Amino acid sequence: MSQSSELLDMEVIKSQEIRSYFSKRAFDIAFGMAGIILLIPILFFIIFLNIKNKEKNKIFFTQRRIGKNGKPIKIYKFNSMMKDAEKVLEKLMEEDEAIREEYTKNKKLENDPRVTKTGQLIRKLSLDEFPQFINVIKGEMSVVGPRPYLWSEKEDMGECFDEIIKVKPGVTGLWQVSGRNDVSFENRLKMDLEYCEKISLKEDMKIIVHTIEPLIGGNGK
């Protein structure tokens, strides 16, 4: 292949990457704005639940996560846990070996005792992730993408880390529509890698459709 042909191929690839970037960004802005609009009535619904359940927790929860290219980002969620949840988790793992093993393997607890009564409902309805549309509008996340991993999980991500951070983390993703609580941490990594390899707007639309289906049925995580 001549040098001119190689340069032409590189220009074509670069042009495709630019079009892909702007198409996905436009997609994110459109769905992100829709998410922000829905966020307002959901906010008042959660305030009502907190009052009804006599819970005085903060409405929003923020946490540092790993963003694209390993950049730290602060994600937003509706708070579904009791105060000092991280300290409570540490104590639970010290006192209960089964809890330690479950969290070490899956990086979450299926029946998490830290979840409040309000939190149980908003998790069942999958409302806790809605504030992440703020991150989407800010350009820190996409509507669809890999999970926004915790910094404490970086070492456990192993060789997958370098590939996954090439893509913006998403509000939803392939693993969320493939079993949710039944998916181990290792399999989540595999699914995120799979998404990164075949990323496209067509795949994003499929994932969004599969995300909405259980929300309508109230079958959240």
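A: Let's start with Glu163, which is partly exposed at 39% relative accessibility. The model is predicted, with local features needing pLDDT of at least 70 and side-chain atom pairs 80 or more, while totals for chains, interfaces and linings use all residues. Residues are numbered from 1 along each chain as its sequence is written, and side-chain values use heavy atoms, without hydrogens or water.

Q: How much of the chain counts as buried?

A: Buried means under 20% relative accessible area, exposed over 50%, partly exposed in between (1.4 Å probe, protein chains only). Here 44% of the 221 residues are buried.

Q: What is the secondary structure of the chain?

A: Helices (H or I, at least four residues) and strands (E, at least two) are DSSP runs, numbered from the N terminus. This chain has nine helices and four strands, in the order α-β-β-α-α-α-α-β-α-α-β-α-α.

Q: How many salt bridges does a search of the whole structure find?

A: A salt bridge puts a Lys or Arg side-chain nitrogen within 4 Å of an Asp or Glu carboxyl oxygen. There are ten in the whole structure. In one of them, Lys107 and Asp156 meet at 2.5 Å, N to O. That pair links distant parts of the chain, 49 residues apart: Lys107 sits in the loop between H3 and helix H4 (117-124), and Asp156 in helix H6 (residues 154-157). Lys107 is buried, at 13% relative accessible area, whereas Asp156 is partly exposed at 40%.

Q: Where do Lys190 and Glu186 lie?

A: Both are in helix H8, four residues apart, about one turn of the helix. Lys190 is partly exposed, at 48% relative accessible area, and Glu186 is exposed at 52%. Our opening residue, Glu163, also has a partner: Lys166, at 3.2 Å, N to O.

Q: Which residues touch the most other members of the largest nonpolar core?

A: In soluble globular proteins, nonpolar side chains tend to be buried together. A core joins buried Ala, Val, Leu, Ile, Met, Phe, Trp, Tyr and Cys residues through side-chain atoms within 4.5 Å. Of the 26 residues in the largest one, Phe78, Phe130 and Val143 touch the most other members. At least two residues come from each of helix H1 (3-52), strand S2 (72-78), helix H5 (132-137), strand S3 (142-144), helix H8 (185-197) and helix H9 (201-216). H1 gives the largest share, five residues.
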